[in-house]
Amino acid sequence: MDAIAPVTVTITGAGGQIGYALLFRIAAGDALGPDQPVRLRLLEIPQGMRAAEGAALELQDCAFPLLRDVEVTDDAAVAFADADRALLVGSRPRMVGMERSDLLAANAGIFAPQGAAIAANAAADVRVLAVGNPANTNALIAAAAADGIPGERFSALTRLDHDRAVAQLAATLEVGPAQLQGVTIWGNHSATQFPDIDHAAVDGAPVRAALAEKLGGADAAAAWLDEVFIPRVARRGAEIIEVRGSSSAASAANAVIAHVRDEALGTRAGWTSAALVSRGEYGVPEGLVCSFPVTSDGTGYRVVEGLDLDARARARLDASVAELAAERDAVRELGALPRS
Ligand code: NAD
Ligand code: LMR
């Protein structure tokens with residue numbers, strides 16, 4: 001009998017690339033802490049079952065002290081039974097030349113039934129993270145289908161974009177990533193996202209000023225931000241696909257670990273980024289799943305409010321929110337959302 005009750009974590013698409021990079025780190029305690037026992041429930045479609053079963057064999061071979069059991073299934077009701085956390089990874093990844101929006105139709109049919117299965121089977125206080133793309137709209141679809149589960153328990157992954165932004169800044173400023181605070185990803189996990197440094201600091205000093213010093217003036221810093229930094233971060237997923245031949249996997253899994261860890265154990269200094277169901281913060285229409293600056297005290301992410309957005313930032317956020325609204329309307333047309 002455990003002194004600390006095990007947490008049940010359900011991972012969909014567990015036989016895929018991200019699954020393979022994710023399962024072992026959850027079992028090792030990287031997501032929920034070094035004292036927290038875990039049970040893993042791996043959901044796959046029939047074609048993916050052998051890969052997930054193979055991963056389960058390897059999990060056993062690791063003899064992880066925190067891992068209580070692993071169940072592999074293609075039945076969503078079994079997979080989500082008593083789940084405390086649901087990580088919705090399973091979906092169709094994009095290939096070379098596709099935009100994430102091309103996946104709307106392919107994945108809309110996955111997330112509504114999974115939302116319903118979560119509502120019917122998971123623990124009453126389940127928390128759900130959508131990773132599969134288009135992640136924001138997939139979270140919206142799952143939340144809409146999960147009758148009785150408050151929207152605040154759903155999020156979508158933009159932590160990878162956040163970490164990409166921090167890494168690009170750190171490389172340019174020649175500092176360590178931990179020296180940077182206050183970076184934000186606003187909007188959609190797509191090419192319209194707005195990686196924002198206007199409230200960011202490096203060792204407590206404004207990043208914009210540090211960039212101006214490094215790059216030869218305020219105009220050069222502004223040009224770098226608009227022409228290099230923002231497009232590089234927003235298009236990094238496509239760059240990885242181009243170079244690697246398939247979409248990011250280990251870095252995505254690392255971002256899932258960081259998202260869950262900070263949500264469950266609390267954000268330390270400053271804030272991070274996550275896509276949450278909007279309650280109207282920063283003028284984002286209620287109900288859209290939009291990336292914001294967020295903190296957690298260990299009980300769930302909350303939006304950091306009260307940041308000033310200048311006209312340029314506002315225009316970038318509005319453009320990404322318009323895309324989110326268009327995705328919502330498109331999946332409503334496909335019948336994946338209730339008509340309102
Ligand atoms: P993958 O193709 O390697 O694995 C996906 C797995 O999901 C496969 O094993 C497949 O059998 C399974 N699957 C498909 N439909 C399923 C269903 N209905 N139920 C359960 N499992 C199902 O893909 P991957 O590289 O692991 O990527 C997974 C998703 O994550 C993709 O949509 C990808 O675009 C997305 N992604 C998101 C981010 C992000 O930052 N939000 C980053 C990287 C990748
Ligand atoms: C990423 O950002 O790496 C993923 O969302 C994969 C993709 O399609 O870009």
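What share of the 340 residues in this protein is buried? The answer is 52%. Keep in mind that we are looking at a predicted model.

Let's start with the overall build. The secondary structure comes to eleven helices and 14 strands. The radius of gyration is 20 Å, and the globule rule gives 20 Å for 340 residues, so the protein is as compact as a globular protein of that length. Along the principal axes, the C-alpha atoms fill a box of roughly 60 × 45 × 40 Å.

Next, the contacts along the chain. Take those between residues at least 6 apart in sequence. Of these, 72% join residues at least 24 apart.

On to the domains. The domain assignment gives two entries: domain 1 covers 7-156, and domain 2 covers 159-328.

Now the surface. The protein exposes about 14,100 Å². Carbon and sulfur atoms supply 53% of that area.

Last, the charges. There are 29 positive and 43 negative ones. Where do they sit on average? The mean position of the positive charges and that of the negative charges are 1 Å apart.

Conventions: Residues are numbered from 1 along each chain as its sequence is written. Chains are lettered from A and ligands numbered from 1 in the order in which they are written. This is a predicted model: local features need pLDDT of at least 70, side-chain atom pairs count only at pLDDT 80 or more; totals for chains, interfaces and linings use all residues. Side-chain values use heavy atoms; hydrogens and water are left out. Helices (H or I, at least four residues) and strands (E, at least two) are DSSP runs, numbered from the N terminus. The radius of gyration is taken over C-alpha atoms; the globule rule is 2.2 Å times the number of residues to the power 0.38. Buried means under 20% relative accessible area, exposed over 50%, partly exposed in between (1.4 Å probe, protein chains only). Contact means heavy atoms within 4.5 Å. Accessible areas come from the Shrake-Rupley method with a 1.4 Å probe; for residues, only the protein chains shown count as cover. Lys and Arg count as positive and Asp and Glu as negative; His and the chain ends are not counted. The place of a charge is taken as NZ of Lys, CZ of Arg, CG of Asp or CD of Glu. Domain bounds come from an automatic or database domain assignment.
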